[in-house]
Amino acid sequence: MPIVASPAKQDKVQTLQRTLYRAAKADPGRRFHALYDKVPRRDVLERAWEQVRRNRGAAGIDRTTIADVEEHGVTRLLDELAADLKAGTYRPLPARRVWIPKPGSTEQRPLSIPAVRDRIVQAALKTVIEPVFEADFLPCSFGFRPKRRAHDALQVLIDEAWRGRRWMVETDVASCFEAIPHDRLMQAIEERIVDRHVLKLLRALLRAGVMEAGVVRSSVTGTPQGGVVSPLLANVYLHRLDRAWSTKGMGVLVRYADDVVVMCRSRREAEDALAALTVILGELGLEPKASKTRIVHLEEGGEGVDFLGFRHRWVRAESRRFRHVLFLARWPSNKAMQHARDRVRELTDRPRLLLPLEVIVEDVNLFLRGWSGYFRFGNAAHHFAKVRNHALERLALVVAKRHHRSRAYGWSVVAFQSPNQLGLISLDGIVVAPRPNRSWRGRPNAGGERRR
């Protein structure tokens, strides 16, 4: 039977995290010497297990799945991990390397899948050390941080464009997760943590390497994409970029993990910002990805820019009463729209025809709820209608194929014979248009960094 952490144990973990955060915030120069003993704590490991179980995920090189762990005993596994961590005998396995396609691109990106046991240890370690670094992270950083979402970063773009910063530098860090040098990453970590057991565990995780085609490869760079603790480690290292930008940069920096934009008031400022960004990244052993680096002017009729799944363009209000108003609008990018169409097609494709129609509709609804839940904070009503109509078309094809009838028959069933269009959810009326200087979730905005 799966272990579920009790509310009391969860509260103890949260209390631990709050205590560490407050201690780090109160003394920016403090270096923590005693953290390792908290990693094998039973409540911390149980919370880590819950996070890993909730995220599911594939098996590592040992082929042990979440279901296998539940079948053979979660308690036993956590006991073994706690004992190994306390005795200093824990050794992570190499991660399993797979390649997955990038949406809307012919490129593939490497994904490293650690074993379940190693994911639990990484989650426990992250639980303990994250509050220490969270106390230092700057407001311009948004990705993979607690209580900060992509829409917080997107709100900064709305606000700064309204204030006149409509020259945008867009880029991302080339092969960020694979390029971060281990020695300099450890130096960044040691600015705050000097517990030698924690440092030894982190080094072991970084050096575990990946297995691909039966061969284990280790490297002196990279924090493998797919590891539970990897996004935090990337943020720890890229915090050096944020910190340098606060003194050397110009314009407003917005960083979501390795995706970066800078909002500027003029082309000259944007060019200087790009030059400064290139220099700072070079000092960190990183570089902007050339194919994704450019300067864009947000102007009426301009091409706009893609960021965090949205297409952003400077447009004029359509209402005759407000035709004088120009603002930064956003809607799902072409890649996001194509992903939605592809996913709906996958859920309604021929191999699924033998499933009950209710199951197919339920799966489509599940996807649409998640997709629309993200993109509803934008100017996307027209795009939502396109995606839903595509879903209706695919369901009509499912009905037609199941009955060996024409597409017209399928449309007749979906549009006329069914009183609720087979139960497909409506996407009407859920769009929330973003407003400048008004937080998307009704609280003071989390701004960028370096405003001039």
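Biologist: Which element gives the largest share of the lining of the second largest pocket?

Modeller: About 1200 Å³ of space lies in this pocket. Helix H1 (7–26), helix H2 (42–55), E2 and H5 each give two or more residues to its lining; helices here are DSSP runs of H or I with at least four residues, strands are runs of E with at least two, and both are numbered from the N terminus. With 7 residues, the largest share comes from H5.

Biologist: What is the basis of these values, and what counts as a pocket?

Modeller: This is a predicted model, where local features need pLDDT of at least 70 and side-chain atom pairs need 80 or more, while totals for chains, interfaces and linings use all residues. Residues are numbered from 1 along each chain as its sequence is written, and side-chain values use heavy atoms, with hydrogens and water left out. A volume is the space filled by probe spheres set on grid points, which are joined across faces, edges and corners. On a 1 Å grid over the protein atoms alone, where a cavity is a set of points that a 1.4 Å probe fits but cannot leave, and lining residues have an atom within 4 Å of a point, an open set with protein on both sides within 12 Å along at least five of seven lines is a pocket.

Biologist: How many charged residues are in the lining of the second largest pocket?

Modeller: Ala, Val, Leu, Ile, Met, Phe, Trp, Tyr, Cys and Pro count as nonpolar; Asp, Glu, Lys and Arg as charged; the others, Gly among them, as polar. The lining divides into 15 nonpolar and 8 polar residues, with the charged class at 13.

Biologist: Which residues lie nearest the centre of the largest pocket?

Modeller: About 1600 Å³ of space lies in that pocket. Its lining has 19 nonpolar, 10 polar and 14 charged residues. Of the 43 lining residues, those nearest the centre are Arg109, Asp172, Asp258, Asp259 and Lys292.

Biologist: Which element gives the most to the lining of the largest pocket?

Modeller: The pocket is lined by 43 residues. The elements that give two or more include E3, helix H7 (176–179), strand E7 (259–264) and helix H12 (334–347). With 4 residues, the top contributor is E2.

Biologist: Is aspartate 172 buried or exposed?

Modeller: Under 20% relative accessible area is buried, over 50% exposed, and in between partly exposed, with a 1.4 Å probe and protein chains only. Lysine 292, at 37%, counts as partly exposed. Aspartate 172 has 8%, so it is buried.

Biologist: How close are the N and O atoms in the salt bridge of arginine 192 and aspartate 136?

Modeller: Arginine 192 is buried at 3%. Aspartate 136 is partly exposed at 23%. Their closest N and O atoms lie at a distance of 2.8 Å.

Biologist: How many salt bridges does the rule give?

Modeller: Glutamate 283 and lysine 248 form one of them, with closest N and O atoms 3.6 Å apart. Arg42, Glu46 and Asp79 are linked in a network. The count comes to 27.

Biologist: Which residue in the turn of the E9 and E10 hairpin has a positive phi?

Modeller: Strands pair if DSSP finds at least two bridges between them. E9 and E10 (residues 310–316) run antiparallel, joined by 3 bridges. Their hairpin has 2 residues between the strands, and the turn residue with a positive phi of about 55° is leucine 308.

Biologist: Which residue in E11 stands opposite histidine 312?

Modeller: E10 and strand E11 (residues 326–332) run antiparallel. They are joined by 7 bridges. Opposite histidine 312 stands arginine 330.

Biologist: Which side chain makes a polar contact with that of glutamine 338?

Modeller: Glutamine 338 lies in helix H12 and is partly exposed at 33%. A polar contact is a pair of N or O atoms within 3.5 Å; within protein, one must be able to donate a hydrogen and the other to accept it, and residues adjacent in sequence count only if both atoms are side-chain atoms. At 3.1 Å, the partner is arginine 341.

Key:
A salt bridge is a side-chain nitrogen of Lys or Arg within 4 Å of a carboxyl oxygen of Asp or Glu.
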